[in-house]
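Reader: Hey, I'm new to this one and could use a hand. Can you walk me through it?
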Amino acid sequence: MTDPAQFQLDAHGRLRHLLTTEGMPADILTEILDTAASFLPASKEPPRKVPLLRGSTVANLFFEPSTRTRTTFEVAAKRLSADVIDMQLEHSSKNKGEDDVDTLYTLQAMGVDLFVIRHPENGAAAHFARHVAPDVAVLNAGDGSNAHPTQALLDALTIRRHRPDFHNLSVAIVGDVRHSRVAQSNIHALKTLGVPDIRVVAPEGLMLEDPSKLGVTPVFTLAEGIRDVDVVMGLRIQRERMHHERVPSVEEYHRQFGLTRHTLGGLKPEAIIMHPGPINRGVEIDAETAYGPQSVILEQVRNGIAIRMAVMAIIAGNVKKAAGDQTQA
Amino acid sequence: MTDPAQFQLDAHGRLRHLLTTEGMPADILTEILDTAASFLPASKEPPRKVPLLRGSTVANLFFEPSTRTRTTFEVAAKRLSADVIDMQLEHSSKNKGEDDVDTLYTLQAMGVDLFVIRHPENGAAAHFARHVAPDVAVLNAGDGSNAHPTQALLDALTIRRHRPDFHNLSVAIVGDVRHSRVAQSNIHALKTLGVPDIRVVAPEGLMLEDPSKLGVTPVFTLAEGIRDVDVVMGLRIQRERMHHERVPSVEEYHRQFGLTRHTLGGLKPEAIIMHPGPINRGVEIDAETAYGPQSVILEQVRNGIAIRMAVMAIIAGNVKKAAGDQTQA
Amino acid sequence: MTDPAQFQLDAHGRLRHLLTTEGMPADILTEILDTAASFLPASKEPPRKVPLLRGSTVANLFFEPSTRTRTTFEVAAKRLSADVIDMQLEHSSKNKGEDDVDTLYTLQAMGVDLFVIRHPENGAAAHFARHVAPDVAVLNAGDGSNAHPTQALLDALTIRRHRPDFHNLSVAIVGDVRHSRVAQSNIHALKTLGVPDIRVVAPEGLMLEDPSKLGVTPVFTLAEGIRDVDVVMGLRIQRERMHHERVPSVEEYHRQFGLTRHTLGGLKPEAIIMHPGPINRGVEIDAETAYGPQSVILEQVRNGIAIRMAVMAIIAGNVKKAAGDQTQA
């Protein structure tokens, strides 16, 4: 049984696929953040187009609709001068994902170099990665409630640009942490980068089943959760999850856990407020807070392009290096 | 309260956004027409690709489906060497367009330079323009029944290539002028360019409520409407508008106002026949007329690419100039 | 009445459109195969991007959904450096395809150089070709049950790379040959290339009505059909065609005609197994066979990109030559 955490590295420990932040070594996390930072345009400058992926073909393979995430990968790939193929497909669960693998093989035969995959099932990205050729790579753009590594990486980059010392940081993740791939991937990345205090803040029905397993602290009220933290990260609420025992109504959730001037009264003035977007105004956050002075939500979007460029560029480089290794061997 | 007519110009009176032809100065209209003419390929030559927008990202943000209009902007942007992001979104009216603005902010953070917006609500383009950053521009590709300025500009270019003297021209606009953004934008542009005689030709139920306010003449029969005119412009009929008191049936409309050899018997032989497309054959026009010797419908399409290229190129240039002004100040 | 077979050649006998393999001269088939072979990357090398269509616009005009075929043409066009416009349209049969022709004229006026057309009706591609301008070309990507010439060409290329001598070959086409445009186009191409023994293998309800007219041999059992053949080509089963008198159930079809280790027991070990994709696992083929040592299915996909590049490049070149002829005349 392959372990996705190891499986995404090649024999030399270089990034080969991006499947999860779980188990990803700190030096690779840092390599990605540093590379992304180099892609960020200087203030007031337009983003530059770089030729690193010229001649390569990136396929956006989305088995779950997400116009927004798809667009971030498309923009990043085009900024690297790649050709982009967009495929929105329906996932049929009837034959254990075999049709999906047939699609993968077909696109690979067409000359796709890099697959960006979003899929409703946990582990789908690793499943695809196991089936691609040695010179083809897979990037996980979100699989089930399992992982969303580029989101965690762009969040880490955003935090680092405001609070460079991860070893001296308190972070509160607020919302449906139980079902959130964003929370999962953030916790793994931030733990590895050395963040000592990560709190998950949620009502009982949305709390992680075993917070201690991930090394995070469960907190059941927002006031306590945000006390003295440097970062508050709100999660997007899936309305369909709210009709559940021990889960408050949307209105009640907003009153108790929504990020607003009122509920964040006790937040340090220099703390930053994050959200993976798109926001549900009036549910997990209100507009005043989302666009207020402490919010870095739009920086997250900007950093997201740089992170996706960085991951694609690093992996494309490593695939080339691996091909060179083999030629010499 | 900002006035869209002024708001689309910058402090130096240069075109900053394209929201409406209403109140647009004649010299700017002429600048756009001249620039577009320079983009038109010589007869029998293929269209040239120019690098004016290389490195820029154009986002087609369509909150109303329109494969055809979307394609014209995509072709124009690609011919200027821009990268194009296509987003077909559903407009939710439930929260006063706030979600739409969140989408705008998000795409802007990704590095979009120019938004092409189609939207079902009047004033949507101006609303978006008020929210973009100083180096980002908005082009209105049709908002509600308000405005469709690139259509009016391409119509003006088409007319000018056949009848260069706007001050000596009679134009008949035939059809549902009451609900038509195409009619609105054409009337504003042609008035400003000096056309002395503009007639709106429609049955009572589709007539403008106050034609004199726009300085046009209402005419209730086609025979009278087209007498001695140089240009007949048919409008696309929305079938869903025809089930209405005082509005004839589709068949009756075609008999009375459809552009056909029969109804246009009294038209001057040198007059041109226009239509914004796509045509409803057998409703507002028949095929014989649409593809007949007086029709310039396909020239309109060709000119439409040149107009969209011109508007994008002019605005991109003006944004750069404005940035230069600020650096010097 | 124009004959599509002749109509796709220009006055000098050069390829002008690609509508059908029926009646296409052997030297043109061979020219396409040779050109495609030159576009195939050497083993282990990534595909090259060539500038042959730089500045050209290719429109994918799909009146029938097919993500996969659309993608192959998009990849091929981008690898030739063309701009690609994607249009997925609904075909309305109510006015004899007139709306479709209006769309064609409109896109042509925008500057489209090459149309790739998929359409549910037989003869649609030829119909479109009759309406385009002298410098615009049409490629048939499948029309009704009539023709799918690029599929036949990529199949011929795949066969040639394994069995270079067409004059000494036995080919079995297995499945719903009665309704298959893939079968039609393959039979025409392979006959012209000199294949002496083509068998169509199907149950009675899916058999060609008049196999002798096409010069092929009907066989009603798989065991007999594959005896001593060099190539077995499975066709995709349309499940909706299976509810029909004299047509077996899907299960029964799989048992009798599905390509499996069991049913192919009598196949020569050096024979190749083909399928146009996407496969229905467990219906016309099983996964073990589709990905087994005799399968060349993924080579077909790879060759399909090269074939589409070749056809586009050849036709673009011929259109230029024709324009040169006219200038001199």
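Predicted model: local features only at pLDDT ≥ 70, side-chain atom pairs only at ≥ 80, totals over all residues.

Reader: Ok, chains first. What rotation superposes chain A on chain C?
Author: A rotation of 120°, with 0.0 Å of shift along its axis, and the RMSD is 0.0 Å. The two copies are thus related as by a three-fold rotation axis.

Reader: How many residues are in contact between chain A and chain C?
Author: Chain A brings 14 residues, and they are in contact with 17 residues of chain C. The area buried between these two chains is about 1600 Å², with carbon and sulfur atoms giving 58% of that.

Reader: How many salt bridges are there between chain A and chain C?
Author: Three salt bridges. One of them pairs Glu98(A) with Arg281(C), where the closest N and O atoms are 3.5 Å apart.

Reader: Which elements of chain A supply at least two residues to the side that touches chain C?
Author: Those are β2 (83-88) and α4 (98-109) of chain A. Of everything on that side, α4(A) gives the most, with six residues. By class, the side of chain A that touches chain C has eight nonpolar, three polar and three charged residues.

Reader: Now the other side. How many residues does the contact between chain A and chain B take from each?
Author: It takes 17 residues from chain A and 14 residues from chain B. Chain A and chain B bury about 1600 Å² between them, and 57% of this is on carbon and sulfur atoms.

Reader: What about salt bridges between chain A and chain B, how many?
Author: The count is three. Among them is Arg281(A) with Glu98(B), whose closest N and O atoms are 3.5 Å apart.

Reader: Which elements give two or more residues to the side of chain A that touches chain B?
Author: Here they are α3 (67-79) and α12 (297-328) of chain A. The largest share comes from α3(A), with eight residues. That side of chain A divides into seven nonpolar, three polar and seven charged residues.

Reader: Switching topic. Which residues of helix α5 of chain A are buried?
Author: Helix α5 spans residues 124-131, and its buried residues are Ala124(A), Ala125(A), Ala126(A), Phe128(A) and Ala129(A).

Reader: And what covers them?
Author: The cover on the buried residues of α5(A) includes α1 (4-7), β1 (57-62), α4, β3 (114-119) and β4 (137-143) of chain A.

Reader: Let's jump to chain C. Is Thr150(C) buried or exposed?
Author: Thr150(C) is buried, with a relative accessible area of 0%. You'll find Thr150(C) in helix α6 (residues 149-162) of chain C.

Reader: What does Thr150(C) contact, leaving aside neighbours within four places in sequence?
Author: Leu18(C), Phe73(C), Asn140(C), Ile307(C) and Arg308(C). With Arg308(C) there is a side-chain polar contact of 3.1 Å.

Reader: How about Pro211(C), buried or exposed?
Author: Pro211(C) is buried, at a relative accessible area of 12%, and lies in helix α8 (residues 211-214) of chain C. Not counting residues up to four places away in sequence, Pro211(C) touches Val216(C) and Pro218(C).

Reader: Last one: what is the peptide bond from Gly277(A) to Pro278(A) like, cis or trans?
Author: That bond is cis, with omega near -15°. Pro278(A) is in the loop between β9 (272-274) and α11 (287-290) of chain A. In chain C, the bond from Gly277(C) to Pro278(C) is cis as well, with omega near -10°.

Methods: Residues numbered from 1 in each chain as written. Chains lettered and ligands numbered in written order. Heavy atoms only, no water. Least-squares fit on C-alpha atoms with pLDDT ≥ 70 in both. Contact = heavy atoms within 4.5 Å. Buried area = accessible area lost by both parts, 1.4 Å probe. Salt bridge = Lys/Arg side-chain N within 4 Å of Asp/Glu carboxyl O. Helix = DSSP H or I, 4+ residues; strand = E, 2+ residues; numbered from the N terminus. Nonpolar A, V, L, I, M, F, W, Y, C, P; charged D, E, K, R; others polar. Buried < 20%, exposed > 50% of the residue type's maximum accessible area, 1.4 Å probe, protein only. Polar contact = N/O pair within 3.5 Å; in protein donor to acceptor, adjacent residues only side chain to side chain.
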